Amino acid sequence: MRTRTRGLAALVALVGVTAFLSPAQAAPASASRPASPSPPAPERIKAERLPLPPTAPSNAQGACTNAVNPRGTGCMAAGWSSGLRTGGFLPDSRTVTVNVRFAGAPSAPDPASVYSGDQLILVRTDGRTFPNGDAWKCLTCGTPPANQQGMNDDVSYPQPFSDGKRVLYGTNIVDCGPYGLASAACTPARLHIYPIRWNNTADGSGPGGSIRELRLHPDQVHLGFNGISVTGGRLDQYGYFGRLRFEPAPRTGTPLVPRYEVEKVTQLFDASPTAQPVHADPRNPSRLVFDPALPGFGELRGFSKDGREVFYVGYPVESSNMDLMAIDLRTGKVRRMTADPGYTDPVDASPDDRWIVALDTRGYDRMMFTSGMTGVPAITDLLTTSVVSSVRNNGQRRFFQPYLIDRHGDRGSYRGQQLNYSDTSPDWNAGADPRWSPDGTAVAYHERLVSAPACGGANPLPCPVSTEPGGRRTRMMIARLVDREPVHRRPVKPVSDTVPWGTPYVPGSAAPERPYPPQGTYTLRGKASGSAKVDIVWDDAKTSVKTVSVDYRRYSDDGRNFVDGSEKVTRTSTSTTLTTLDWHSDLVKTGRSGKVLATKKTSADGFHVTIDLWETVFQATGTLTTTVGGRTYHQPANGT
């Protein structure tokens with residue numbers, strides 16, 4: 001079996017917006033806005049570990065002996081990068097799909113030799129076992145080569161179809177024909193694994209376009225995914241929406257094996273300059289517009305359970321604050337799902353769409369040194385989004401925890417409820433994606449324990465010892481919402497292939513370049529009062545924005561919070577994934593009375609940060625410090 005691809009978060013040019021602003025950016029009291037209901041009361045939640053295969057003593061061949069697993073059904077790798085990935089629940093709400101990486105298998109012809117590499121398993125969540133006595137069942141172990149021709153390497157996010165017979169398995173579809181996946185009749189010999197191909201050539205030739213972070217639409221016939229492009233040496237990413245069609249005997253393209261095609265694809269992006277949240281006013285070219293109600297789009301993250309909305313990480317509403325957004329596939333209406341200064345992107349909606357579970361850094365204050373000062377328009381974010389979003393991790397250390405948040409989102413003092421508050425430590429952190437049970441009474445997710453080099457050695461954080469079986473540094477969890485009654489989820493009828501606010505994809509066409517405001521000096525007016533002078537400078541080759549500087553004078557969007565001071569960011573170097581920024585900030589936010597509410601300041605020589613979008617290891621000189629309500633937030637130490 002194959003290894004999964006590594007994730008990539010928000011990119012330099014992420015574009016995404018919302019019509020629901022945070023309290024710091026809310027419309028004046030005289031504006032007509034629907035009032036949000038009172039926050040929900042905390043509820044009882046019971047977090048438990050779910051069973052997994054025994055841990056291999058090592059990855060050496062034969063290390064998984066009968067002494068370790070007497071049933072001979074395999075052992076899983078112990079490390080942080082062990083391939084563990086929670087998928088989703090089968091329709092019974094008692095069985096979860098999981099990708100694991102088996103290790104230590106004996107050589108063939110031993111029957112246990114098939115328990116090797118990345119494989120798709122089922123795990124029972126109700127304490128029961130499968131007929132062989134295990135609480136798990138490997139679906140793909142021993143699948144004949146003839147049944148997995150052309151299988152793609154990506155096996156991330158195993159999402160079951162609602163028929164209980166198929167699984168979206170990375171960029172593949174696992175199909176057990178007429179048999180339910182959990183049934184004894186579904187054996188590896190009866191299972192087929194079909195690759196998914198997105199045609200990106202005019203004549204239909206070639207292996208198809210590279211796609212990542214696939215999400216199954218609730219209508220079971222459409223698919224959301226992301227595509228990466230490199231333009232002018234810069235990495236960019238776009239979201240797409242298309243229809244799945246099984247092709248049993250393809251005549252063009254590769255591989256020439258039974259496969260699924262993604263067709264009638266729409267790019268979830270409008271390339272016109274005035275469709276971007278930050279753009280020059282065509283009626284007054286010296287005026288800059290910041291409109292966080294435009295349907296721009298960043299990385300696709302999923303769908304509402306009624307199939308009407310698509311979730312994504314978008315261009316910030318408030319500077320340096322990366323949030324989840326939702327946009328209606330038909331109307332293009334957008335809403336802000338989260339507003340806390342922490343970073344979030346993994347998300348799943350409850351079956352009735354009244355709740356979400358989001359993995360968020362909010363419990364650590366890790367992002368507060370950049371995003372803690374609210375009410376600042378996202379102008380320097382034309383350069384900073386990729387760097388800011390990459391601070392959310394530190395290599396083999398995550399800072400995500402699962403939070404239960406109602407549909408109306410963060411408001412006032414309400415910041416959701418942590419699912420695993422009573423059964424976790426800061427060294428264990430969640431990995432994408434959390435998944436609701438179809439009956440709405442539980443959420444499954446997985447966790448990873450911080451591991452070297454993100455701890456130990458020169459790193460000031462000691463490496464914790466795992467107490468999981470065999471010292472495993474991953475585990476699978478379930479949060480049971482004990483007071484909730486089961487809900488019934490209605491089937492979703494197939495939605496339209498057409499997304500009116502998007503751009504139909506033409507195979508063979510190049511990815512568009514995101515438009516940015518031309519070089520020049522602009523005035524940005526506050527919605528309530530004040531203004532900002534904005535200078536945008538492009539590089540010598542005129543291929544990308546190099547510097548953005550903003551000078552605020554009593555700038556306010558809500559008439560209650562006022563921003564003064566200056567901020568300047570210059571991109572000094574960039575490769576495909578590595579970015580270096582020089583950042584100078586001296587901002588003050590005051591209230592109506594003149595009382596200082598927050599400050600955001602760099603050291604005299606500025607803040608100079610370098611970070612790789614893949615490796616996400618923080619390295620900086622100088623300081624960037626934000627103070628809110630008398631509490632000061634500092635940047636992380638290098639390498640932490």
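Reply: What follows goes from the salt bridges to the strands.

This is a predicted model, in which local features need pLDDT of at least 70 and side-chain atom pairs count only at pLDDT 80 or more, whereas totals for chains, interfaces and linings use all residues. Residues are numbered from 1 along each chain as its sequence is written, and side-chain values use heavy atoms, with hydrogens and water left out.

The structure holds 47 salt bridges, a salt bridge being a side-chain nitrogen of Lys or Arg within 4 Å of a carboxyl oxygen of Asp or Glu. One of them joins the side chains of Asp 433 and Arg 215, with an N to O distance of 2.9 Å. This pair links distant parts of the chain, since Asp 433 lies in strand β24 (residues 428-436) and Arg 215 in strand β10 (residues 212-216), 218 residues apart; strands here are DSSP runs of E with at least two residues, numbered from the N terminus. Both Asp 433 and Arg 215 are buried, that is, under 20% relative accessible area with a 1.4 Å probe and protein chains only. Glu 213 and Arg 212 also meet through their side chains in a salt bridge, at 3.5 Å from N to O, and Glu 213 and Arg 212 are likewise buried. In a further salt bridge, the closest N and O atoms of Glu 261 and Arg 259 are 2.6 Å apart, and these two residues are buried as well. Salt bridges that share partners join ten residues named here into one network: Arg 212, Glu 213, Arg 215, Glu 299, Arg 301, Lys 305, Asp 345, Asp 348, Asp 433 and Arg 435.

Turning to the strands, an open sheet is formed by 4 strands in the order β20-β21-β22-β23, with antiparallel pairing, where two strands pair if DSSP finds at least two bridges between them. Because β20 (344-349) and β23 (417-418) stand at the edges, each with a single partner strand, one side of each is left without a neighbour in the sheet. The antiparallel contact of β23 with strand β22 (residues 401-406) consists of 2 bridges, and Leu 404 has Gln 417 in β23 as its bridge partner.

Elsewhere, strand β26 (residues 474-481) has 7 of its 8 residues buried, so it is largely enclosed by the rest of the structure. Strand β1 (residues 45-49) runs antiparallel to β26 and is joined to it by 5 bridges, with Arg 49 opposite Met 477. Strand β25 (residues 442-449) pairs with β26 in the antiparallel sense over 7 bridges, and there Ala 444 stands opposite Ile 478.

Note on methods: Buried < 20%, exposed > 50% of the residue type's maximum accessible area, 1.4 Å probe, protein only.
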